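This report describes the structure shown below, for a reader who has not seen it before. Please look at the sequence and the structure, then read on.

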Amino acid sequence: AAFARDSLRATFARELEAGSLREITLTGPIALVAVISAPGGDGLAPRTLASLGRAGAHVLALAQGTASYHISFILPEAEVDAVVTALHRDLGLAAQ
């Protein structure tokens with residue numbers, strides 16, 4: 001991880017010096033969470049993002065595939081349990 005950070009700092013040295021970028025840092029530990037619905041599942045992204053917001057998640061990166069039924073995000077590992085619980089509740093997956 002330190003090698004990647006150092007490589008990015010070297011690559012973006014001009015931008016860092018000019019103030020276009022503030023800093024390049026390492027964050028960890030992190031986790032990847034994926035939310036997948038059946039094809040044609042409407043509103044997955046808005047419902048997922050609303051749930052993340054209500055949970056106070058600190059999303060570090062987010063990706064959605066070309067199919068609208070898959071969204072993945074990276075967040076601090078310490079938040080995984082609370083976020084997954086919130087997603088299950090808000091997306092109607094919680095045990096009844």
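## The sheet

In this predicted model, three strands make up an open sheet, and their order is 1-3-2. The pairing in the sheet is antiparallel. Strand 1 and strand 2 (61-64) are at the edges, and each has a single partner strand, so one side of each has no neighbour in the sheet. On average, and with direction ignored, neighbouring strands are turned by 15° against each other.

Strand 2 and strand 3 (residues 70-76) run antiparallel and are joined by four bridges. Ala-61 has Ile-74 in strand 3 as its bridge partner. In general, the strands of a sheet pair through backbone hydrogen bonds, in a parallel or an antiparallel manner.

## Helices on the sheet

Two helices are described here by their contacts with the sheet. Helix 3 lies across strand 1, strand 2 and strand 3, and runs at about 15° to strand 3. Helix 4 also packs on the sheet, where it touches strand 1 and strand 3. The direction of helix 4 makes about 150° with that of strand 3.

## Helix 3 against helix 4

Helix 3 (residues 44-55) and helix 4 (residues 80-90) pack with their axes 9 Å apart, at an angle of about 130°. The two helices are therefore oblique to each other. The crossing in which helix 3 passes helix 4 is right-handed.

Which residues meet in this contact? From helix 3 come Thr-48, Ser-51, Leu-52, Arg-54 and Ala-55, and from helix 4 come Val-83, Ala-86, Leu-87 and Asp-90. By type, the residues of the contact divide into five nonpolar, two polar and two charged.

## A cis peptide bond

Where is Pro-29 placed? Pro-29 is in the loop between helix 2 and strand 1 (30-36). The peptide bond that leads from Gly-28 to Pro-29 is cis, and its omega is near -5°. As a general point, most peptide bonds are trans.

## Confidence of the prediction

The mean pLDDT of the chain is 89, and 94% of the residues score at least 70. Among the elements of the chain, the highest mean pLDDT, 95, belongs to helix 2 (residues 13-18). The lowest mean among these elements is 91, for helix 3, the helix that lies across strand 1, strand 2 and strand 3.

Notes: Residues numbered from 1 in each chain as written. Predicted model: local features only at pLDDT ≥ 70, side-chain atom pairs only at ≥ 80, totals over all residues. Heavy atoms only, no water. Axes fitted to C-alpha atoms, helices over the stretch in contact; angles between N-to-C directions. Parallel < 35°, antiparallel > 145°, perpendicular 65-115°, else oblique. Left-handed = near helix turned anticlockwise from the far one by under 90°. Contact = heavy atoms within 4.5 Å. Nonpolar A, V, L, I, M, F, W, Y, C, P; charged D, E, K, R; others polar. pLDDT = per-residue confidence, 0-100. Pairing = 2+ DSSP bridges.
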